[in-house]
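Here is a short tour of a ligand site and a helix pair. Please have the viewer open as you read.

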Amino acid sequence: MTSTTARPAELTGRIVRPGDTDYPTASAGYNLLFTHDPTVIVFAQETQDVVNALTWARQNDTPVRVRSGRHCLEGWSNVDNGIVIDVSEMKSATIDTASSTATVGAGLNQLEAVTELGKAGFAAPTGTEGTVGLVGATLGGGFGLLTRNFGMASDNLIAAEVVVASNVDGATAIIADEKNNSDLLWALRGAGNGNFGIVTSLTYKIHPLTQTIYVTATWPGLHDLRGVFEAWQRSAPHTDNRLTSQLEIHADEIVLLGALGAGSETEATQMLAPILSVGDPDVSTVNASWADIYAGFQIPMPQEAANWKFFSQFVSDPFPVEAISVVGSFMSKAPTPDCNYMTNAFGGAVKGSEPSGGSAFAHRNALFYAEPGAGWGTRGGIPATADPLTAKCQAWIAEFSQALEPYVNGAYVNVPNAGMADWETAYWGPNVDRLRTIKAKYDPNAVFSFEQSIPPLHDRGR
Ligand SMILES: Cc1cc2nc3c(=O)[nH]c(=O)nc-3n(C[C@H](O)[C@H](O)[C@H](O)COP(=O)(O)OP(=O)(O)OC[C@H]3O[C@@H](n4cnc5c(N)ncnc54)[C@H](O)[C@@H]3O)c2cc1C
């Protein structure tokens, strides 16, 4: 077992402090809307570095944040005057094709994970953005274009190594799997982001997949929105499990994206026929490996908007016409071209397959996930605080998401709704009390604490 005995603890790994030339790069997150000035950033190279960093933080009474891919949309994986324990340089992958499992270091991003698995002829479900940390996506759920086929990323998590706070001011690495600390494994499947400990490696169930059909269809303008949305929400969550699709609605076009795992182009277009038969979309298909398709749809980070604000919403009943009109009306007056409304079909394996031992993920019965999103500013351009678009985009997105509230239920912890009144129930529904009990067991002193961290059960007043 890796644990600390040395007192006082010393920081190990790659250490970056204010004044170091790489400090600005080391402290910046993906969403430039938020900036922080931590006292120190530790880029752990091995589990002992994480143990040492957590012990040091406790001995020095310093706030802790855990970070991997830096995509936390509210900037909560960083903190002023605290320590950031960053696992992104812990990159490793061991794939066991015989048992269909893979153990990866917590530093892999999603593109790296998809690529490594692809080389072995396997896949696991992840989100769609390659630079998102695999660990950050998995611990909150993790959905994308293989979701209906293989479930949430968290459904495929079968074990993790986790550094937890121990004793008065120490830290230790433990295993969470079906036999050891199985309550923690349950919690990590959907509620693990920065709440219980620092995950240093993850073991997944993986799936043989060598060929995928990727379909894109584009309708110019928004005049087909009602027909496309209606056809999509009635068919996409109920079609063949091998097919997952998304809608991306922009101010000037509607885009359908779909992935059919192990199938033909004819099958894919037949399954999507109810949607593709609306209007006259421009349709294209690609037949390739999942890893190649995934790499192919990535957008280089410098081309992405600098600032983002999303609201996450789950939908369990089909949108009535009024809700689709709300989407059309807000999108037609979107303040920038990077603003969009995105949906991802659920059903399929998410609905059908609770992993053995269960999971904290609470939206198994959703019809689809939906997300009004605002993006603005250019990377390297003026900061968000000086950009007049900041207030405009924030007002637009707040009104947009509020207008949809009568039609949605639940929110997604990986796309946090900051300021939401009852965020715990929105994220985890009936699982909140069990999560608070598990928090009290593994982190009774709330060493892992941030704006929406789970309070231990004994701390109900918070
Ligand atoms: C552009 C974009 C696209 C996205 N697309 C999707 C999508 O298609 N599907 C989807 O499901 N989600 C999507 N997301 C949401 C994404 O899953 C979350 O933002 C995710 O939590 C980011 O993980 P990260 O490691 O990159 O971020 P970080 O900022 O490093 O961490 C995110 C959270 O996880 C915690 N954390 C990080 N590492 C660890 C660790 N080792 N142990 C414990 N806790 C840790 C952090 O403390 C923080 O709370 C998207 C986000 C963005 C910004």
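This is a predicted model: local features need pLDDT of at least 70, side-chain atom pairs count only at pLDDT 80 or more; totals for chains, interfaces and linings use all residues.

Residues are numbered from 1 along each chain as its sequence is written, and side-chain values use heavy atoms, with hydrogens and water left out.

**Ligand shell**

- Around the ligand there are 30 residues, each with a heavy atom within 4 Å of it; Val-66, Ser-68, Ser-77, Phe-143 and Tyr-412 come nearest.
- By class, the shell holds 13 nonpolar, 14 polar and three charged residues (Ala, Val, Leu, Ile, Met, Phe, Trp, Tyr, Cys and Pro count as nonpolar, Asp, Glu, Lys and Arg as charged, the others, Gly among them, as polar).

- Cys-72 places a backbone N or O atom 2.8 Å from a ligand oxygen, and a polar backbone atom of Gly-136 is 3.1 Å from a ligand oxygen.
- Asn-193 contributes a polar side-chain atom, 2.9 Å from an oxygen of the ligand.
- The protein covers 95% of the 950 Å² of accessible area that the ligand has on its own (Shrake-Rupley method, 1.4 Å probe).

**Asn-193**

- You will find Asn-193 in the loop between α6 (182-191) and β10 (helices, H or I, of at least four residues and strands, E, of at least two are DSSP runs, numbered from the N terminus).
- The Asn-193 side chain also reaches the backbone nitrogen of Gly-140 at 3.2 Å.

**Helix pair**

- The axes of α11 (residues 321-332) and α13 (residues 388-404) come within 9 Å and cross at roughly 170° (lines fitted to C-alpha atoms over the stretch in contact, with angles from 0 to 180 degrees between N-to-C directions).
- Therefore α11 is roughly antiparallel to α13, a term for angles over 145 degrees.

Note on methods: A polar contact is a pair of N or O atoms within 3.5 Å; within protein, one must be able to donate a hydrogen and the other to accept it, and residues adjacent in sequence count only if both atoms are side-chain atoms. Angles under 35 degrees count as roughly parallel, over 145 as roughly antiparallel, 65 to 115 as roughly perpendicular and the rest as oblique.
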